[in-house]
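Dear colleague,

Please find below the structure that I am handing over to you, followed by an account of what was found in it. I would be grateful if you could read the two together.

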Amino acid sequence: MKSTASNAFSTRSSEWMGDMTVWLRENAGDNGDRLARLRRQLHLARQRELTPRQRQFLERYFDDGLTMREIAEEAGVDPSTVSRTLHRAKERLRRALQYAL
């Protein structure tokens with residue numbers, strides 16, 4: 001008897017999940033406008049909020065795909081300096097963008 005009740009619950013549960021998935025897909029809406037606005041704000045924040053060194057390290061790491069070690073060798077600093085600089089840059093950007101949307 002328990003297995004029948006368990007199967008019925010499992011069936012209802014999976015039906016509910018399927019219904020929720022369909023509803024979410026239909027009601028999700030397009031986030032394209034918000035994403036475009038966030039990208040514009042990110043570009044402006046990178047120029048206005050970051051120091052030149054933070055901008056340089058951020059660009060080399062995220063845009064150019066260099067590792068922290070490669071950036072450190074290029075800049076003549078310790079990799080931990082690159083890590084701290086990137087962390088501070090990301091925190092500044094997060095604070096600048098947290099109310100952008």
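A residue is called buried here if its relative accessible area is under 20%, exposed if that area is over 50%, and partly exposed in between, with a 1.4 Å probe and only protein chains considered. The model is a predicted one, in which local features need pLDDT of at least 70 and side-chain atom pairs count only at pLDDT 80 or more, while totals for chains, interfaces and linings use all residues. Residues are numbered from 1 along each chain as its sequence is written, and side-chain values use heavy atoms, with hydrogens and water left out.

The chain as a whole

The chain has five helices and zero strands, and its elements follow the order α-α-α-α-α from the N terminus. Helices (H or I, at least four residues) and strands (E, at least two) are DSSP runs, numbered from the N terminus. Of the 101 residues of the chain, 16% are buried. Among contacts (heavy atoms within 4.5 Å) in the chain with a separation of 6 or more, 59% are between residues 24 or more positions apart.

Threonine 85 belongs to helix α5, residues 79-97, and is buried at a relative accessible area of 9%. A polar atom of the threonine 85 side chain lies 2.7 Å from the backbone oxygen of threonine 81. Not counting residues up to four places away in sequence, threonine 85 touches Arg53, Gln54 and Phe57.

Glutamine 54 is located in helix α3 and is likewise buried, at 8% relative accessibility. Which residues does glutamine 54 contact, leaving aside its neighbours within four places in sequence? They are Glu49, Thr85, Arg88, Ala89 and Arg92. With arginine 92 there is a polar contact between the two side chains, at 3.2 Å. A polar contact is a pair of N or O atoms within 3.5 Å; within protein, one must be able to donate a hydrogen and the other to accept it, and residues adjacent in sequence count only if both atoms are side-chain atoms. The glutamine 54 side chain also reaches the backbone nitrogen of threonine 51, at 3.0 Å.

The C-alpha atoms of glutamine 54 and histidine 87, 33 residues apart along the chain, are separated by 9.3 Å. For glutamine 54 and arginine 84, 30 residues apart along the chain, the C-alpha separation is 9.8 Å. Arginine 84 is in helix α5 and is partly exposed at 41% relative accessibility.

Helices α4 and α5

The axes of helix α4 (residues 68-75) and α5 come within 8 Å and cross at roughly 110°. This makes α4 roughly perpendicular to α5. Axes are lines fitted to C-alpha atoms, for helices over the stretch in contact, and angles run from 0 to 180 degrees between N-to-C directions. Angles under 35 degrees count as roughly parallel, over 145 as roughly antiparallel, 65 to 115 as roughly perpendicular and the rest as oblique. Met68, Arg69, Ile71 and Ala72 in α4 meet Pro79, Val82, Ser83 and Leu86 in α5.

Leucine 66 sits in the loop between α3 (52-63) and α4 and is buried at 17% relative accessibility. Apart from neighbours within four places in sequence, leucine 66 is in contact with Arg60, Tyr61, Ile71 and Glu74.

Leucine 44, in helix α2 (residues 32-49), is partly exposed at 34% relative accessibility. Its C-alpha atom is separated by 9.8 Å from that of alanine 96, 52 residues apart along the chain.

The aromatic pair

The structure contains one aromatic pair. The ring centres of tyrosine 61 and phenylalanine 62 are 4.9 Å apart and the planes stand at 90°, so the pair is edge-to-face. Rings of Phe, Tyr and Trp (its six-membered ring) pair if their centres lie within 6.5 Å; planes under 30 degrees apart count as stacked, over 60 as edge-to-face and the rest as tilted. Tyrosine 61 is partly exposed at 28% relative accessibility, and phenylalanine 62 is partly exposed at 46%.

With kind regards
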